[in-house]
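Let's take a friendly look at the pockets in this model. Have the chain open beside you as you read.

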Amino acid sequence: MTGSGEPGAVPAVANRGLRAHPLVPLPAPRSLWLVLAVIACGRSDGPRVTVTVPAGASLDAAVDSLAANHVIDHPGSFRLYARLRGLAGSLKSGVYLLRQDESWSDVVAALARGRGVEQRFTVREGLRLAEVADLARAQLKIPRDSFLAAAEDSTLLVTAGLPADAPSAEGYLFPTTYLLPLGIGGRELVRVMTHQFTQQWSPEWQARLDSLHFSRHELVTLASIIEAEVRYDPDRPFVSAVYHNRLKRGMRLEADPTVSYAYGRRLRRVWEKNLAVRSPYNTYLHIGLPPGPIGQPGRAGLLAALYPADVPFLFFVAQPDGKHIFSATYAEHLAAIQRVKQLRRAARAPQRPGR
């Protein structure tokens, strides 16, 4: 019952001496503030991570994202602390670069003033590590040497969850469009891109690796070669089948992109004289896969490497339009090469003017 006898009325004793506005939080007890202050103390040397707060996100959603990225360790207490600081009404969306275990006051200040001004960074499939470094320098003002050093830092790679046999981040800088905070550094960018790779890796893919008798690093290496070969997307599983079939038979892959990679620069065309370059990446000289990826495969390249078409092809040759002709025998392959030469001659021949 209420004190006045009217439905919904507040007892008089409850209002005695209190004039608090319903939208203003009541002061927290001194002991509560002391406890929160102790928990809120972070450190300033933790690794930095990217945290995204989408437009319209609630404080609860932002706290969940902070906890998932280990920026805060006590989400329930932080939620209370943030509400007492008024963050629920001043939360700004954006992409934030924060340190793990950062002090709560710094986190609240960043989210309240909207420190997360973002910029787009797009990496397309097939780019090499050195090319991603050039792109980061041009678009993000990250020194090239700084990015490459981070991409070859074994400690960083291990903490990012990359395979132990990966000598660098080559192949694991997932190609996509990123929203990044202004001023991001080389190490943070490598962490963000390798984290995106691990997020793309589906759990069921591991079982598939076991059936193929591949390690993850070998799979990414093969996917990067497929990525470099294919211009016509439907060809991916068939190119993959050729390489899988060759590996099973102990044949050399003879993949032109690996020769280009061995040169350290992109060759406009691989000529016969290029095939003798001495490098473990030259699959014309060495049987099996090269030591590591030759670029950044996308999800389609990874799926093609995991699930090749069930076909007996052992050869392919590219046509002028980028599509491939696949063959099961060497005789068929030679005929396909002649067909491609005819197509190229026809494309170069001058067209007769219409009568």
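## The second largest pocket

Helix H9 gives the largest share of the lining of the second largest pocket, six residues. Helices here are DSSP runs (H or I, at least four residues) and strands likewise (E, at least two), numbered from the N terminus. H9 spans 186–200, and the other elements that give two or more residues to this lining are strand E1 (48–53), helix H3 (59–68) and strand E4 (177–181).

In total, 25 residues line this pocket, and Val49, Asn69, Arg191, Val192 and His195 lie nearest its centre. By class, 13 are polar, 10 nonpolar and two charged. Its volume is about 610 Å³.

## The largest pocket

The largest pocket has a volume of about 1,800 Å³. Its lining counts 47 residues, with Glu229, Asp256, Val270, Ala318 and Arg344 the closest to the centre. Helix H15 (330–348) is among the elements that give two or more residues, along with H11 (216–229), H12 (236–249), H13 (256–263) and strand E5 (315–318). The largest share, eight residues, comes from H15. The classes here are 24 nonpolar, 15 charged and eight polar.

## How to read these values

A pocket is an open set of points on a 1 Å grid over the protein atoms alone, where a 1.4 Å probe fits, with protein on both sides within 12 Å along at least five of seven lines; lining residues have an atom within 4 Å of a point. Grid points are joined across faces, edges and corners, and a volume is the space filled by probe spheres set on the points. Ala, Val, Leu, Ile, Met, Phe, Trp, Tyr, Cys and Pro count as nonpolar, Asp, Glu, Lys and Arg as charged, and the others, Gly among them, as polar.

This is a predicted model, in which local features need pLDDT of at least 70 and side-chain atom pairs count only at pLDDT 80 or more, while totals for chains, interfaces and linings use all residues. Residues are numbered from 1 along each chain as its sequence is written, and side-chain values use heavy atoms, with hydrogens and water left out.
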